[in-house]
Amino acid sequence: MEILSVENLTKKYGKKVVLCNVSIKVSKGEIVGLVGPNGAGKTTFIKCITGLLRPEEGSIKLFGYDLFQNYGRVIKDIGLLLEPAFYDYLTALENLKILMIASNNYNLKKIQEVMEFVGLWEVRNKYITTFSFGMKQRLGLAQALMNDPQFLILDEPTVGLDPIGVNELKEKLVYLSKNKGVGILFSSHQLPDVEEICDKVILLREGVVLYDGIPKEAVKQKEYYLILSNKEFNKNIFEDEIINNYIDLRDNVLIVKKQGILNNILRKLYNQNIDILDIDIKRGSLLELFYMKGQ
Ligand SMILES: Nc1ncnc2c1ncn2[C@@H]1O[C@H](COP(=O)(O)OP(=O)(O)OP(=O)(O)O)[C@@H](O)[C@H]1O
């Protein structure tokens, strides 16, 4: 079942296009990572799909319904962690109680459940002024979970968490998606975390989707850089590989991009009396994709 379906979304701030023709889907039980360098448009995208901002163009469907035509109906099934903001002069428990009352859905048992889930029940009576940013993040997650959302949207939820907290959060997100069928979209700069738990990753750069697929495929395989002695040689011997984009030739550097053909390439070079001066092996990552692709 599709939880979120965004098509051709365009958002501008004044004349500046911040999101351009963005199309994204999130399914039930799926964890989708939203990554991209600073200013890529991640937060703006999250604000658009939660109705906090109105895009200029495009359609946003949540649970099959148009967001803006069915706002009251769909928004109650969404849990959002944007920037955790709470009343400093109230305790953690009082903050959640107030929020629950405001949403007309008061249930103390549920508050206890979510506070236990994020590990804050023991400190429920402490004032927010005494909370670290990481604790506020946890409370923000508790708030996002209070109404048993089918769709959880988290903007940089690992910020401020210590490594143990990050691991706990990842475990909880996997549990919610796989055991409760919650669809999760979370933006992060922590690429290893995204690669570890996400079923799908969306790479935004300057408001454009550069990649939408499984994280493992986003991690490029090894590339072999062969520095050749001869600049001039009969390039026809590599005609097939070049056509298939298995290799790339730049001056005297031959880049082998496909696994399993290295032997064949070396044999061809040997037969042409072309010496190899040096070999460099590179392994690309999502981070590299940020900067390489689209340039
Ligand atoms: N209220 C605003 N008015 C004008 N421009 C804005 C506004 N909010 C964001 N922007 C611009 O929109 C672009 C996208 O910002 P956004 O915060 O969505 O990016 P982001 O990917 O979340 O970045 P970060 O990783 O730094 O949080 C940036 O160029 C930013 O300067």
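**Briefing: cores, ligand shell and overall form**

The largest nonpolar core holds 61 residues, and Leu4, Ala142 and Ile184 touch the most other members. Such a core is a set of buried Ala, Val, Leu, Ile, Met, Phe, Trp, Tyr and Cys residues joined through C-beta atoms within 7 Å. Buried means that 20 or more other C-beta atoms lie within 10 Å of a residue's own; exposed means 12 or fewer, partly exposed is in between, and C-beta atoms are placed from the backbone. The model is predicted: local features need pLDDT of at least 70, side-chain atom pairs count only at pLDDT 80 or more, and totals for chains, interfaces and linings use all residues. Residues are numbered from 1 along each chain as its sequence is written.

- Helices (H or I, at least four residues) and strands (E, at least two) are DSSP runs, numbered from the N terminus.
- Apart from this core lies another, of 6 residues, including Leu226, Leu254, Val256 and Ile265.
- Ala142 touches Leu96, Val114, Met115, Phe117, Val118 and Leu120, leaving out residues up to four places away in sequence. Contact means C-beta atoms, placed from the backbone, within 7 Å.

**Ligand shell**
- Tyr13, Val18, Gly36, Asn38, Gly39, Ala40, Gly41, Lys42, Thr43 and Thr44 surround the ligand. The cut-off is a C-beta atom, placed from the backbone, within 6 Å of the molecule.
- Helix α1 (residues 42-49) supplies the largest share of this shell, 3 residues.
- By class, the shell has 3 nonpolar, 6 polar and 1 charged residues.

**Lys11**
- Lys11 sits in strand β1 (residues 2-13).
- Lys11 counts as buried because it has 22 C-beta neighbours inside 10 Å.
- Beyond four places in sequence, Lys11 touches Val18, Leu19, Thr44, Cys48, Leu53, Pro55 and Glu56.
- Lys11 and Gln259 are 248 residues apart along the chain, and 40 Å separate their C-alpha atoms.

**Overall form**
- The protein has 11 helices and 14 strands.
- Its radius of gyration is 24 Å, well over the 19 Å that the globule rule gives for 295 residues, so the protein is more spread out than a compact globule. The radius is taken over C-alpha atoms; the rule is 2.2 Å times the number of residues to the power 0.38.
- The C-alpha trace spans about 80 × 40 × 35 Å along its principal axes.
- An automatic or database assignment gives domain 1 (2-218) and domain 2 (222-284).
- The C-alpha centres of domain 1 and domain 2 are 45 Å apart.

Technical notes: Two residues are in contact if their C-beta atoms, placed from the backbone, lie within 7 Å. Ala, Val, Leu, Ile, Met, Phe, Trp, Tyr, Cys and Pro count as nonpolar, Asp, Glu, Lys and Arg as charged, and the others, Gly among them, as polar.
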